[in-house]
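Thanks for coming. I will take confidence, then salt bridges, then aromatic pairs.

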Amino acid sequence: MVHKVKKYLLITFIIIICSLSVLTQSVLWSNNIKSWINQNLSMYGWSFNAKEYSGSLLSTIILKDIEFKSQAGSIIEIERTAINLGIISTIFNEMVFDLLTIEGMHYKYFKSETSKSSFSNNNPNFSIPFHIKSFFIDSKVTTNINEKIYVFDAMVGGELQGMDSPNLNFDLVKISSEN
């Protein structure tokens with residue numbers, strides 16, 4: 001009798017683990033992820049698209065061939081990003097990313113007459129709705145200043161404490177110019 005109970009408990013446990021493993025695959029959640037990001041970015045005039053999703057919501061989510069576009073004409077293209085979501089903190093408290101890496105980012109910034117900055121000093125209610133315990137970004141920034149194109153290579157790493165009074169701490173900053 002005890003042997004049968006253990007057998008059924010083991011089978012039930014294996015089924016639960018397998019179900020969680022399948023249900024947390026980021027491919028299954030890709031439309032929800034895309035909708036949530038676009039909903040949050042649309043108020044700032046940006047849109048988001050990623051061509052490939054892989055990984056699991058319980059471990060590492062990997063997005064490839066990502067593109068952010070602004071209504072003002074700026075474009076951010078990212079070859080690959082990996083995100084580790086702090087599950088326990090996010091479930092019981094505020095949204096936390098344990099690790100965020102962005103590789104192969106190309107940012108083409110072009111200021112438009114109609115673009116509005118939500119980061120101005122006139123916006124005392126600026127907040128970021130999440131924390132990032134550790135991030136690394138490898139990027140190339142192209143900008144047009146006084147009708148001259150400038151290209152910068154940048155590597156930055158650090159942490160972001162978000163919410164109502166955001167704080168950005170860097171432990172790596174390397175910027176070089178290709179001009």
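**Confidence and side-chain pairs**

What you see is a predicted model, where local features need pLDDT of at least 70 and side-chain atom pairs count only at pLDDT 80 or more, while totals for chains, interfaces and linings use all residues. Residues are numbered from 1 along each chain as its sequence is written, and side-chain values use heavy atoms, with hydrogens and water left out.

Confidence next. pLDDT is the predictor's confidence in each residue, from 0 to 100. The protein chain averages 83, and 89% of the residues score at least 70. Helices (H or I, at least four residues) and strands (E, at least two) are DSSP runs, numbered from the N terminus. Over residues 113–122 pLDDT stays under 50, and the model has five contacts for them beyond four places in sequence; contact means heavy atoms within 4.5 Å. Where pLDDT is low, the predicted coordinates should not be read in detail.

Now the salt bridges. The rule is a side-chain nitrogen of Lys or Arg within 4 Å of a carboxyl oxygen of Asp or Glu, and the count comes to four. Glu67 pairs with Lys69, with the closest N and O atoms 3.7 Å apart. Lys69 is partly exposed, at 40%.

Which residue forms a salt bridge with Glu77? Lys108 does, at 3.7 Å from N to O. Lys108 lies in strand 4 (residues 96–109) and Glu77 in strand 3 (residues 75–85), so the pair ties together parts that are 31 residues apart in sequence.

Arg80 and Glu103 also form a salt bridge, again with 3.7 Å between the closest N and O atoms. Arg80 is in strand 3 and Glu103 in strand 4, so this pair ties together parts 23 residues apart in sequence.

Last, the aromatic pairs. Rings of Phe, Tyr and Trp (its six-membered ring) pair if their centres lie within 6.5 Å; planes under 30 degrees apart count as stacked, over 60 as edge-to-face and the rest as tilted. The whole structure has four aromatic pairs. In one of them, the ring centres of Phe97 and Phe130 are 5.3 Å apart with the planes at 75°, so the pair is edge-to-face. Phe97 is buried, at 16%, whereas Phe130 is partly exposed, at 21%.

Note on methods
Buried means under 20% relative accessible area, exposed over 50%, partly exposed in between (1.4 Å probe, protein chains only).
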